[in-house]
Amino acid sequence: MTSYEKLLLENKAWANEKVEDDPQYFDRLAHLQTPEFLWIGCSDSRVPANEITGTQPGEIFVHRNIANMVVHTDVNLLSVLDYAVNHLKVQHVIVCGHYGCGGVKAATTNHDFHLVLNMWLRNIKDVYRLHADELNAISNEDQRVDRLVELNVQEQLIHLAKTSIIQRAWKYYQRPHLHGWVYGLKDGLIKPLIDMLPRTAIDPLYNYDDL
Ligand SMILES: [Zn+2]
């Protein structure tokens with residue numbers, strides 16, 4: 001059996017198991033999606049949102065990219081955010097990074113990863129530059145990367161708060177609550193780092209006063 005055939009076989013077993021436990025399981029899910037959470041995580045295969053939070057299909061709306069970035073020109077991320085906030089009406093948006101992130105580590109090197117990856121990683125280099133004094137003072141390389149992982153989560157959360165999507169929802173609906181978390185590959189535990197309640201103050205330059 002090939003590796004992908006095994007995926008299809010496992011899928012059959014999983015679907016059968018779900019129906020055995022609860023005959024209405026798929027009927028219910030097919031008609032309703034009301035997740036309370038939007039998850040913005042890393043594409044890393046070791047950080048599956050549902051599995052590490054013990055949640056089921058239907059509970060978390062998920063967007064993943066390399067190093068859990070919120071890039072202002074990323075139509076994909078912004079569409080997901082708009083849909084989650086304005087249509088699914090999520091109460092919480094979680095940006096979850098992870099220690100040992102290969103994308104973050106790559107951004108600390110001077111290696112040429114070629115056009116598209118270089119373009120993506122430059123967003124992380126910008127985070128490094130903002131916090132260069134603190135990061136350059138950390139001599140251990142792994143510790144420096146892990147601190148950059150935390151600072152990157154913090155910056156991406158602030159990027160969310162800069163969007164008119166979030167600011168409008170904060171103003172009119174007093175949601176969503178933004179959370180910055182970091183997952184540990186070595187112990188499987190999530191560390192909550194920072195959070196932003198609706199209408200948390202940000203740099204006034206980024207405020208829209210005529211929403
Ligand atoms: Zn990663």
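Asparagine 68 counts as buried, at 2% relative accessibility (buried means under 20% relative accessible area, exposed over 50%, partly exposed in between, with a 1.4 Å probe and protein chains only). Please keep in mind that this is a predicted model, where local features need pLDDT of at least 70, side-chain atom pairs count only at pLDDT 80 or more, and totals for chains, interfaces and linings use all residues. Residues are numbered from 1 along each chain as its sequence is written, and side-chain values use heavy atoms, with hydrogens and water left out.

**Zinc site**
- The zinc ion has Cys42 (SG), His98 (NE2) and Cys101 (SG) as its protein donors, at 2.0 to 2.3 Å (donors are N, O and S atoms within 2.8 Å of the metal, or 3.2 Å for Na, K and Ca; water is not among the atoms, so sites may look incomplete).
- Along the chain, these donors follow the spacing C-x55-H-x2-C.
- Cysteine 42 in strand 1 (residues 37–42) and histidine 98 in strand 3 (residues 92–98) are 56 residues apart, a pair that links distant parts of the chain (strands are DSSP runs of E, at least two residues, and helices are runs of H or I, at least four, numbered from the N terminus).
- Cysteine 42 and histidine 98 are both buried.

**Positive phi**
- Most residues other than glycine have a negative phi, and most peptide bonds are trans.
- Alanine 67, not a glycine, has a positive phi of about 70°, and it sits in the loop between strand 2 (60–65) and helix 4 (75–87).
- Alanine 67 is buried, with a relative accessible area of 0%.
- Asparagine 68 is not a glycine either, yet has a positive phi of about 45°; asparagine 68 lies in the loop between strand 2 and helix 4.

**Cis peptide**
- Arginine 175 and proline 176 are joined by a cis peptide bond, with omega about -5°.
- Proline 176 is in the loop between helix 9 (164–173) and strand 4 (177–183).
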